[in-house]
Amino acid sequence: MSRTLKPCPVREVCGGCQLQHLTYRKQLEFKLEKARREVGSFGSVDEIIGMDDPYFYRNKVQISFGYDYKGRVLAGNYVTSTHTIVPVKQCQLADKKANDIFNTIISLQKSFRLSVFDEHAMQGFLRHVLVRTSSDGEEVMVVIVAGSPIFPKKNGFINALLDKHPYITTIVLNVNNRRTSMILGDRSMVLYGKGYIEDELLGYTFRISPSSFYQVNHVQTEKLYRLVSEFAQLKKEDVVMDAYCGTGTIGITLADQCKEVLGVEINKEAVRDAGKNARINGISNISFYCDDAGKYMVRMALQKQKVNVVIMDPPRAGSDEKFLSSLIRLNPDRIVYVSCNPVTQKRDLKYLTARGYKVKKIKAVDMFPFTEHVECVALLKRIEQEVK
Ligand code: SAH
């Protein structure tokens, strides 16, 4: 399918690339099989849409800092589901610029003698570094996540980083001094540039702040959103709901095909970005609400709002009963369910198909080559509608 890189030297310990031992074609077969196993009972999973070049695709990458048992500084990836750090020099999933920036920051930490955050003692400075890049490589954001807002030798450090990587367009300091497995804390300060990056997707421009959700694989996101559009079959008079909308990307790319779009999302920063994204793209028939999608749906159902199409893209845990029961009451003609976890999608499809909906099509998309994850998109239609 495409050139194969040398096996990663830390593949046995890192755990990030669970399917590294398989050729890309075999990975796709494995994922298609997985999708079929979980959701195949609702309809045939016709195909999996893969990548031509499945390497270096992640536009958002992070490394973590810590200590080994001898008290030496470590920097790299967390071993899956643990807080053990494995040093990684060249991650083959990560954007290449991000890999280079990480290596520079690892050496600057030493030369500037920056302290590293100790998760046990809950003290120290450097905790994680997050890099986000735009798909054309023009914009690069570095987020330095630290245990304290006091950045020793800040100007020298920032200048040294920019000297080495003049293409960095913004640097943000984020403070996270809580005992948590979340990477980012609540407080951010812009140290350089505008504090966010902009990326282009299907001809639209999107603004992305440090904590906003944004799909990590640009090439595959365009394919995924095209599939959503194909499944939704929007008409000019349709009112569409984009549930779990992140920075509004799906809704914005569909807005010119329908009458109105309502987006709901729980993360404040993402909703703020979504509103700005609508303006940047000159779209006026879309509104965004910051709320729990379930609660918002309950209110919509109580107000008997008319929605023709619901696009839902929940996190790995899937949707909840509140959301799904209101979805049934809202009674849209079509539901497009985008899922990054076929196990919870199966549970939710079971709920919906027991209450008047039928799965018409399912396709899988490979958003994360080399990992075991598979994205599934299902189109559901209301059954009564077919009888009419
Ligand atoms: N559709 C978007 C985002 C999908 S990721 C895209 O393609 O980019 C899932 C999103 O759901 C995240 O932005 C997350 O913040 C949001 N989310 C998680 N739980 C939620 C909830 N209970 N209600 C609303 N949004 C939620």
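A: A backbone N or O atom of Ala 293 is placed 2.8 Å from a nitrogen atom of the ligand, a polar contact in the sense of a pair of N or O atoms within 3.5 Å (within protein, one must be able to donate a hydrogen and the other to accept it, and residues adjacent in sequence count only if both atoms are side-chain atoms). The model is a predicted one, in which local features need pLDDT of at least 70 and side-chain atom pairs count only at pLDDT 80 or more, while totals for chains, interfaces and linings use all residues. Residues are numbered from 1 along each chain as its sequence is written, and side-chain values use heavy atoms, with hydrogens and water left out.

An N or O atom in the side chain of Tyr 225 is 2.5 Å from an oxygen atom of the ligand, and one in the side chain of Asp 313 is 2.9 Å from a nitrogen atom of the ligand. Of the 580 Å² of accessible area that the ligand has on its own, the protein covers 86%, by the Shrake-Rupley method with a 1.4 Å probe. The ligand is surrounded by 16 residues, the closest being Gln 215, Tyr 225, Glu 265, Asp 292 and Ala 293; a residue counts here if one of its heavy atoms lies within 4 Å.

Six aromatic pairs are found in the whole structure, where rings of Phe, Tyr and Trp (its six-membered ring) pair if their centres lie within 6.5 Å, and planes under 30 degrees apart count as stacked, over 60 as edge-to-face and the rest as tilted. One of them joins Phe 112 and Phe 157 edge-to-face, at 5.5 Å centre to centre with 70° between the planes. Phe 112 belongs to the loop between helix H3 (96-111) and strand S5 (126-133), and Phe 157 to helix H4 (residues 154-164), so this pair ties together parts that are 45 residues apart in sequence. Helices (H or I, at least four residues) and strands (E, at least two) are DSSP runs, numbered from the N terminus. Phe 112 is buried at 17% relative accessibility, and Phe 157 is buried at 0%; buried means under 20% relative accessible area, exposed over 50%, and partly exposed in between (1.4 Å probe, protein chains only). Ring pairs link Phe 112, Phe 125, Phe 151 and Phe 157 into a cluster.
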